[in-house]
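This briefing covers selected features of one protein model, grouped by topic. Please read it alongside the sequence and structure shown below.

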Amino acid sequence: MCGVFGFIGKPNKKTNIALRELAEWNQIRGRDSTGLVISNGKEFAFHKEVGDAIKFLKDPQTIAVMNKYKGSNFINVIGHTRQATRGLVTKKNAHPFRIGRFIMAHNGGIYNFDELQKECKTEYEVDSQIIGYLLNVFSPQEVFENLICGWFAVPFFELEKQTELTIAKHISPLALAVLPDGSGMYYSSLETHLKSSL
């Protein structure tokens, strides 16, 4: 079990506060590591560390990443709290991942990971990483409907299309909240997180 959270749209004064609260809420779904990627539509900043969200949010690097695009008219944020199932608890194995031309995070489990690793001749430690690999080779529809077996909530975007966010979901919980003025959308693993933070 892991947690995913994020935002896409035009940030306001409350955006960073809401994202921090969503990270803290998702901590109950994973305390092994925490990570965040923020794009302004053209470039992105990454930060991830071993440890829970409370520790992560106090890190000066986290604060710098969250403030990097302050004042931007647009941001695309993917956050993750990890409960390790496959792969060691290391900074490298923390989500989100950049794999080829995609940035993604994953909550769930890929049951045919070992089979896919063998077929693709990859040596990933974390089952989630095979999703990123497959997205670089096949269409998202093919990846999520035909190639991977398991349960998942996967927010991702392509480096050449950083103003777009795609979320693939099967069984894993995920809730969305569109702001009343239509300026943005938050998401988090559980609806209660959004109700408590927005």
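Which residues are buried in helix 6 (residues 140-147)? In this predicted model, they are Val 143, Phe 144 and Leu 147.

**Helix 6**

- Viewed down the axis of helix 6, the buried residues fall within an arc of 125°, so they line one face of the helix.
- An α-helix has 3.6 residues a turn, so residues three or four places apart point the same way.
- Gln 141, Glu 145 and Asn 146 are exposed, and they sit on the face of helix 6 turned away from its buried side.

- Strand 2 (residues 33-39) has seven of its seven residues buried, so it is largely enclosed by the rest of the structure.
- In a regular strand the side chains alternate between the two faces of the sheet.
- In strand 2, Ser 33, Gly 35, Val 37 and Ser 39 point one way, whereas Thr 34, Leu 36 and Ile 38 point the other way; all are buried.
- Strand 2 pairs with strand 3 (residues 44-50) in the antiparallel sense, over seven bridges.
- Strand 2 also runs antiparallel to strand 4 (residues 75-82), to which seven bridges join it.
- Thr 34 has a bridge partner in each of these strands: Glu 49 in strand 3 and Thr 81 in strand 4.
- Four residues lie between the strands in the hairpin of strand 2 and strand 3, where Gly 41 takes a positive phi near 100°.

**Cysteines**

- The structure holds zero disulfides.
- Cys 2 is in no disulfide, and the nearest cysteine sulfur, that of Cys 149, is 19 Å away.
- Cys 120 is likewise in no disulfide; the nearest cysteine sulfur to that of Cys 120 belongs to Cys 149, 13 Å away.
- For a disulfide, the two sulfur atoms would have to lie within 2.5 Å.
- Cys 2 is buried, with a relative accessible area of 7%, and Cys 120 is buried at 17%.

**Glu 158**

- Glu 158 is found in strand 8.
- With a relative accessibility of 18%, Glu 158 counts as buried, because the cut-off for buried is under 20%.
- Leaving aside residues up to four places away in sequence, Glu 158 touches Arg 101 and Phe 102.

**Aromatic pairs**

- The structure holds six aromatic pairs.
- In the pair of Phe 7 and Tyr 186, the ring centres are 4.6 Å apart and the planes are at 45°, so the pair is tilted.
- Phe 7 belongs to strand 1 (residues 3-9) and Tyr 186 to strand 11 (residues 184-188), so this pair ties together parts that are 179 residues apart in sequence.
- Both partners are buried: Phe 7 has a relative accessible area of 0%, and Tyr 186 one of 2%.
- Ring pairs also link Phe 102, Phe 144, Phe 152 and Phe 156 into a cluster.

Conventions. Residues numbered from 1 in each chain as written. Predicted model: local features only at pLDDT ≥ 70, side-chain atom pairs only at ≥ 80, totals over all residues. Heavy atoms only, no water. Buried < 20%, exposed > 50% of the residue type's maximum accessible area, 1.4 Å probe, protein only. Helix = DSSP H or I, 4+ residues; strand = E, 2+ residues; numbered from the N terminus. Arc of directions from axis to C-beta. Pairing = 2+ DSSP bridges. Contact = heavy atoms within 4.5 Å. Phe/Tyr/Trp six-rings, centres within 6.5 Å; stacked < 30°, edge-to-face > 60°.
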